[in-house]
Amino acid sequence: MELKPMTEQDLERVAALEAAVQPFPWSANHFADSLRAGHWAWVLRGKGELLGFVVLMAVLDEAHLLNLAIAPGHQGQGLGARLLRHVLQWSARQGMASMYLEVRPSNGRALALYQHLGFREIGRRKAYYPAQTGREDALLYRRSLEGIQP
């Protein structure tokens, strides 16, 4: 497996993976906008196949996890944890003090991963995400990067 910075050549495949796992996915243009804005982004590949990706935004000394996904046939194999550990270490090397993220309360797998890697719930954003019927709240999570070995 290899983890490399996301490039414009990855955008169509990344958007297709996103569409396979999210009910309201980002488009290739959303990912292109993130790259143009200077957000940090990586793709994880194995045997030439896109297995996952992650996108981060830095704001002062805070890293904000914007998007992380693993291809459907590869979920539950520790790849999400691998990507998340990578961005935690990367953020610590960049001098970030904490990492924040929003997650749907209905996304039990993601919640378990974030909690396992030390994220703690610090709030709730009402009606943050589009849902099949109306809107869904977002849980706001934070993790200190103190003590992470870069």
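Residues are numbered from 1 along each chain as its sequence is written, and side-chain values use heavy atoms, with hydrogens and water left out. Because the model is predicted, local features need pLDDT of at least 70 and side-chain atom pairs count only at pLDDT 80 or more, while totals for chains, interfaces and linings use all residues.

The pocket comes first. Rolling a probe the size of a water molecule over the atoms shows where empty space is left. A pocket here is an open set of points on a 1 Å grid over the protein atoms alone, where a 1.4 Å probe fits, with protein on both sides within 12 Å along at least five of seven lines. Its volume is the space filled by probe spheres set on the points, which are joined across faces, edges and corners. The largest pocket holds about 1,100 Å³ of space. It is lined by 39 residues (those with an atom within 4 Å of a point), and the closest to its centre are Gln 22, Asn 67, Leu 68, Asn 107 and Tyr 114. Helices (H or I, at least four residues) and strands (E, at least two) are DSSP runs, numbered from the N terminus. On that basis, α1 (11-21), β4 (62-70), α3 (79-93), β5 (98-103), α4 (108-116) and β6 (120-130) each give two or more residues to the lining of the largest pocket. Strand β4 gives the most, with seven residues. Sorted by class, this lining has 22 nonpolar, 12 polar and five charged residues. In that count Ala, Val, Leu, Ile, Met, Phe, Trp, Tyr, Cys and Pro are nonpolar, Asp, Glu, Lys and Arg are charged, and the others, Gly among them, are polar.

Next comes the core. In soluble globular proteins, nonpolar side chains tend to be buried together. Buried means under 20% relative accessible area, exposed means over 50%, and partly exposed is in between (1.4 Å probe, protein chains only). A nonpolar core is a set of buried Ala, Val, Leu, Ile, Met, Phe, Trp, Tyr and Cys residues joined through side-chain atoms within 4.5 Å. The largest one has 31 residues, and Leu 65, Leu 84, Met 99, Val 103, Tyr 114 and Phe 119 have the most contacts inside it. Two or more residues of this core come from each of β2 (40-46), β3, β4, α3, β5, α4 and β7 (135-144). Helix α3 supplies the largest share, seven residues.

Buried residues in α3 include Leu 79, Ala 81, Leu 84, His 86 and Ser 91. Leu 83, also in α3, counts as buried because its relative accessibility is 0%. Just after α3, Gly 95 takes a positive phi of about 85°.

Then there are the rings. Rings of Phe, Tyr and Trp (its six-membered ring) pair if their centres lie within 6.5 Å; planes under 30 degrees apart count as stacked, over 60 as edge-to-face and the rest as tilted. The structure holds six aromatic pairs. Trp 26 and Phe 31 form a tilted one, 4.9 Å centre to centre with 50° between the planes. Trp 26 is partly exposed at 21% relative accessible area, whereas Phe 31 is buried at 0%. Tyr 114 and Phe 119 pair edge-to-face, at 5.8 Å and 65°, and both are buried. Most residues other than glycine have a negative phi, and most peptide bonds are trans. Leu 60 has a positive phi near 55°; Leu 60 sits in the loop between β3 (49-59) and β4 and is exposed at 79% relative accessibility. Ala 127, in strand β6, has a positive phi near 50° and is partly exposed at 39%. Ser 98 lies in strand β5, and its C-alpha atom is separated from that of Glu 62, 36 residues apart along the chain, by 5.2 Å.
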